[in-house]
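Subject: Structure handover

Hello,

Here is the structure you were waiting for. Please open it before reading on.

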Amino acid sequence: MIDCIALALLTLMVQTEAGSEPYDGKLAAAYVAVNRAESSGKSLQTVLTQPKQFKLNPRLVVSEASMLAARMALLHQQPDPTHGADHFYNASVKPWPVWYDTKYRTVVIGAHTFLKLGGF
């Protein structure tokens, strides 16, 4: 059974954070939130609404690709292209956050670098 609120929030995060990315980038962004929730034991809704974690812009029009990516990640219906990443960052945005360290990089997809930091 799917949690409709979690799916809606995840879709909104994907659109906000990776709306201009190709489908694989959208799927990867969705998996980061799913991975973080699963590794921390927190609900996806809690992870997505924690301050200073993910951006959620409710004014955006959500694309079909963002909805599909969110659903596929939430239900694990496609493989995780991030290899278990729990963070992502657009390295062209400066300054880099203090947690950004390329030694934790799992993959780069589109404009985002995906990292597995753990410890939540």
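The notes below go through the pocket, the aromatic pairs, the nonpolar core and some backbone details.

This is a predicted model, in which local features need pLDDT of at least 70 and side-chain atom pairs count only at pLDDT 80 or more, while totals for chains, interfaces and linings use all residues. Residues are numbered from 1 along each chain as its sequence is written, and side-chain values use heavy atoms, with hydrogens and water left out.

The largest pocket has a volume of about 520 Å³. A pocket here is an open set of points on a 1 Å grid over the protein atoms alone, where a 1.4 Å probe fits, with protein on both sides within 12 Å along at least five of seven lines. Grid points are joined across faces, edges and corners, and the volume is the space filled by probe spheres set on the points. The lining (residues with an atom within 4 Å of a point) comprises 21 residues, and E17, Q53, K55, F88 and Y89 lie nearest the centre. Two elements give two or more residues to this lining: α1 (4-18) and β1 (87-90). Helices (H or I, at least four residues) and strands (E, at least two) are DSSP runs, numbered from the N terminus. The most comes from β1, with four residues. By class, nine lining residues are nonpolar, seven polar and five charged. In this count Ala, Val, Leu, Ile, Met, Phe, Trp, Tyr, Cys and Pro are nonpolar, Asp, Glu, Lys and Arg are charged, and the others, Gly among them, are polar.

Aromatic pairs. Rings of Phe, Tyr and Trp (its six-membered ring) pair if their centres lie within 6.5 Å; planes under 30 degrees apart count as stacked, over 60 as edge-to-face and the rest as tilted. The count is five pairs. One of them is the tilted pair of F88 and F114, at 5.8 Å centre to centre and 40° between the planes. F88 is in strand β1 and F114 in strand β3 (residues 112-115), 26 residues apart. Both F88 and F114 are buried, where buried means under 20% relative accessible area, exposed over 50% and partly exposed in between (1.4 Å probe, protein chains only). Y89 and W99 form an edge-to-face pair, 6.1 Å centre to centre with 85° between the planes. Y89 lies in β1 and W99 in the loop between β1 and β2 (105-109), so this pair ties together parts ten residues apart in sequence. Y89 counts as buried at 11% relative accessibility, and W99 as partly exposed at 29%. Y89, W96, W99 and Y100 form one aromatic cluster.

Core. A nonpolar core is a set of buried Ala, Val, Leu, Ile, Met, Phe, Trp, Tyr and Cys residues joined through side-chain atoms within 4.5 Å. The largest one has 29 residues, of which L10, M13, L44, L48, F54 and F114 touch the most other members. Its largest share, nine residues, comes from α2.

Backbone. K94 and P95 are joined by a cis peptide bond, with omega about -5°, and P95 lies in the loop between β1 and β2. H76 is not a glycine, yet its phi is positive, near 55°. H83, also not a glycine, has a positive phi of about 60°. H76 is in the loop between α4 and β1, and H83 is found in the loop between α4 and β1 too. H76 is partly exposed at 42% relative accessibility, whereas H83 is exposed at 55%.

Regards
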